[in-house]
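This report looks at how the parts of one protein chain are arranged and how they meet. Please keep the sequence and the structure in view while reading.

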Amino acid sequence: MSTPLAPQILSSSLEDLVTLFDVRPSDSALPAAERDALVASSPKFGTVFTDHMARVSWTAADGWRDRRVEPYGPLQLDPATAVLHYAQEIFEGLKAYRHADGSVWTFRPEANADRFARSAHRLALPALSVDDFVASIAALVRTDEAWVPTAEESSLYLRPFMYASEAFLGVRPSLEAEFLVIASPVGAYFSGGVKPVSIWVDTQYSRAGAGGTGAAKCGGNYASSLLPQVEAQKHGCEQVCFLDAGTGTFLEELGGMNVFVVRADGSVETPELTGSILEGVTRSSIIALLGDAGRTVTERRIPLADLLADIESGAVTEVFACGTAAVVTPIGRLAGTAFDHTIADGGPGAVTMAVREELTGIQTGRVADRHGWLRRLA
Ligand code: COI
């Protein structure tokens, strides 16, 4: 049985695909008053989940099948399930935003879908079509629309993911996979809201090497960032920044965010995509918005030594991190084993906050969507 559709707001072929998702309503959905109170409390990132999840199953023999929206709940896994042993898994992160008129929108889902397909290829998982990716999100958000927050800085974080579900211990690509989307109402990613964070530049561990999986959004990359992240916290920093594995001299990215540097002359730099850096959707959106504002944005290899010297001399005035979860987060301090630098006065920079304001303005409908990045879901 499928739920009645919202008026047509995606393309008609996508609407057709959304109808293929069989909605199996939860009989233990949270009562409306409890749900609304929970959503309004801006829960800590990724701790509260909606009543349902979208799901599509794949086998090498039959392809993608059984599109459904089913009650959110535990997955039953055979102990031999491939993902538990060889980490054949990928994921995405995007958000649904409530606009002032009550409508619900998402931001550049096709870009996430394209990256998901690239990640799937690198992890030898099956390709899911862009249409299936977007339709699964629409089907879930429409079912759990009441969970999309209205408060400023809040949104419904969407986490599509795919894992190798075949039960076997041989090291070869799984012949079965599951694709799911779960949703979580969220406030700011960092506790304390939008305030500058401190970054520990790690020189002991690498995130990804040449030819590795650095550009893929796979769980293994994040697993390898956890120990350095613990080290960062031991040094009083919220996040870790990795250097390139080859020479240990160039800035790459943080544990789950891309990084930008603003120079005193108003130009902006970000590490170029060398194959070991995640091709952030927020990163590419920011490059476009800064370009629109007439700023020169250069993607290049940024030597840590140069950055530190430029922070000291005042030639670099702002550093910020970005990602779907973190949006745009100012970096106030860069520390490492041999240095500890406050960036400018340690406060949020003007360029950082302006691009943050514009990006969140587009996402939440306060600023015109001149690039056509928004897709209405409900
Ligand atoms: C995102 O920004 O959506 C991510 O997947 C990063 C993760 C650290 C939350």
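Into which domains is the protein chain divided? The chain is divided into domain 1, covering residues 14-188, and domain 2, covering residues 197-364.

## Confidence in the model

This is a predicted model, and the mean pLDDT of the protein chain is 95, with 97% of its residues reaching 70 or more. Where pLDDT is low, the predicted coordinates should not be read in detail.

## How the two domains meet

The C-alpha centres of domain 1 and domain 2 lie 27 Å apart, and 22 residues of domain 1 are in contact with 22 residues of domain 2. Between them the two domains bury about 1,900 Å², of which 55% is on carbon and sulfur atoms. On the side of domain 1, F91, F107 and R115 supply 30% of the area that this domain buries against domain 2, which is more than any other three residues supply.

Polar contacts also join the two domains, with a count of 15 residue pairs in which both residues have pLDDT 80 or more. The side of domain 1 that touches domain 2 draws at least two residues from each of β4 (89-91), β5 (94-98) and α4 (109-122), and α4 gives the most, with six residues. Sorted by class, this side of domain 1 has nine nonpolar, four polar and nine charged residues.

## Salt bridges

Side chains of opposite charge can pair when their charged atoms come close. A search of the whole structure finds 25 salt bridges, and two are found across the interface of domain 1 and domain 2. Elsewhere in the list of pairs, the side chains of E279 and R118 meet in a salt bridge with an N to O distance of 2.8 Å.

Another salt bridge is formed by the side chains of R375 and E110, at 2.7 Å from N to O. This pair links distant parts of the chain, with R375 in strand β18 (residues 374-376) and E110 in helix α4, 265 residues apart.

Conventions:
Residues are numbered from 1 along each chain as its sequence is written. Side-chain values use heavy atoms; hydrogens and water are left out. Domain bounds come from an automatic or database domain assignment. Contact means heavy atoms within 4.5 Å. Buried area is the accessible area (1.4 Å probe) that two parts lose on being put together, summed over both. A salt bridge is a side-chain nitrogen of Lys or Arg within 4 Å of a carboxyl oxygen of Asp or Glu. A polar contact is a pair of N or O atoms within 3.5 Å; within protein, one must be able to donate a hydrogen and the other to accept it, and residues adjacent in sequence count only if both atoms are side-chain atoms. Helices (H or I, at least four residues) and strands (E, at least two) are DSSP runs, numbered from the N terminus. Ala, Val, Leu, Ile, Met, Phe, Trp, Tyr, Cys and Pro count as nonpolar, Asp, Glu, Lys and Arg as charged, and the others, Gly among them, as polar. pLDDT is the predictor's confidence in each residue, from 0 to 100.
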